[in-house]
Amino acid sequence: VDPFGNFRQSEFWGVPAYKGAGIRFMDKLTRFRNLADSDGVAQVKDESIEDTVVDALNYLVIMFQLYREYQENKG
């Protein structure tokens, strides 16, 4: 089972997986901005600034790994 399989789905649309992960990262930044603008009050009950930051950090690590794979397979 590919742990990054959901990110590789973007390749169906011609978008490299690392860019797909980058898009998810940007979604988390948008969520962070919205939470920060509302003083941490979330529209969704289980959503917090802390969880959003951890998610964003994880997406950065995933994006980095997928980018390294992309570079290795390119050459």
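This is a predicted model: local features need pLDDT of at least 70, side-chain atom pairs count only at pLDDT 80 or more; totals for chains, interfaces and linings use all residues.

Me: Which aromatic cluster is Tyr-70 in?

Reply: Tyr-70 forms one aromatic cluster with Tyr-18 and Tyr-67.

Me: And how many aromatic pairs are there in the whole structure?

Reply: A search of the whole structure turns up four aromatic pairs. One of them is Phe-7 with Tyr-59, an edge-to-face pair at 5.8 Å centre to centre, with 80° between the planes. That pair links distant parts of the chain, as Phe-7 sits in helix 1 (residues 5-8) and Tyr-59 in helix 3, 52 residues apart. Phe-7 and Tyr-59 are both buried. Tyr-18 and Tyr-70 also pair up, in a tilted arrangement with 5.0 Å centre to centre and 50° between the planes. Here the link runs from Tyr-18 in helix 2 to Tyr-70 in helix 3, again 52 residues apart.

Me: Why does Tyr-18 count as buried?

Reply: Because its relative accessibility is 16%, and buried means under 20%.

Me: OK, on to the core. Which residues make up the largest nonpolar core?

Reply: Ten residues in all: Phe-4, Phe-7, Ala-17, Tyr-18, Ala-21, Phe-25, Ala-56, Tyr-59, Ile-62 and Leu-66. The elements that give two or more residues to this core are helix 2 (17-37) and helix 3.

Me: What does Leu-66 touch, leaving out residues up to four places away in sequence?

Reply: Leu-66 touches Phe-4, Phe-7, Arg-8, Ala-17, Tyr-18 and Ala-21.

Me: How many salt bridges does a search of the whole structure find?

Reply: Four. Among them is the one between the side chains of Lys-28 and Asp-55, at 2.9 Å, N to O. It joins distant parts of the chain, with Lys-28 in helix 2 and Asp-55 in helix 3, 27 residues apart.

Me: Is Lys-28 buried or exposed?

Reply: Lys-28 is buried, with a relative accessible area of 10%.

Me: What about Glu-47, which side chain does it meet in a salt bridge?

Reply: Arg-31, at 2.7 Å, N to O. Glu-47 is in the loop between helix 2 and helix 3, while Arg-31 is in helix 2, 16 residues apart. Glu-47 counts as buried at 18% relative accessibility, whereas Arg-31 is partly exposed at 34%.

Me: Switching to the surface: which residues form a nonpolar patch there?

Reply: Phe-32, Val-53, Leu-57 and Leu-60, with about 310 Å² of accessible area together. Helix 3 (residues 49-74) gives the largest share of the patch, three residues. Leu-57 is found in helix 3.

Me: Last one. How far apart are Gln-65 and Val-41 in space?

Reply: They are 33 Å apart, C-alpha to C-alpha, and 24 residues apart in sequence. Gln-65 lies in helix 3 and is partly exposed, with a relative accessible area of 30%.

Conventions:
Residues are numbered from 1 along each chain as its sequence is written. Side-chain values use heavy atoms; hydrogens and water are left out. Patches are made of residues with over 30% relative accessible area and no salt bridge: like charges are joined within 9 Å, nonpolar side chains (Val, Leu, Ile, Met, Phe, Trp, Tyr) within 5 Å. Accessible areas come from the Shrake-Rupley method with a 1.4 Å probe; for residues, only the protein chains shown count as cover. Helices (H or I, at least four residues) and strands (E, at least two) are DSSP runs, numbered from the N terminus. A nonpolar core is a set of buried Ala, Val, Leu, Ile, Met, Phe, Trp, Tyr and Cys residues joined through side-chain atoms within 4.5 Å. Buried means under 20% relative accessible area, exposed over 50%, partly exposed in between (1.4 Å probe, protein chains only). Contact means heavy atoms within 4.5 Å. Rings of Phe, Tyr and Trp (its six-membered ring) pair if their centres lie within 6.5 Å; planes under 30 degrees apart count as stacked, over 60 as edge-to-face and the rest as tilted.
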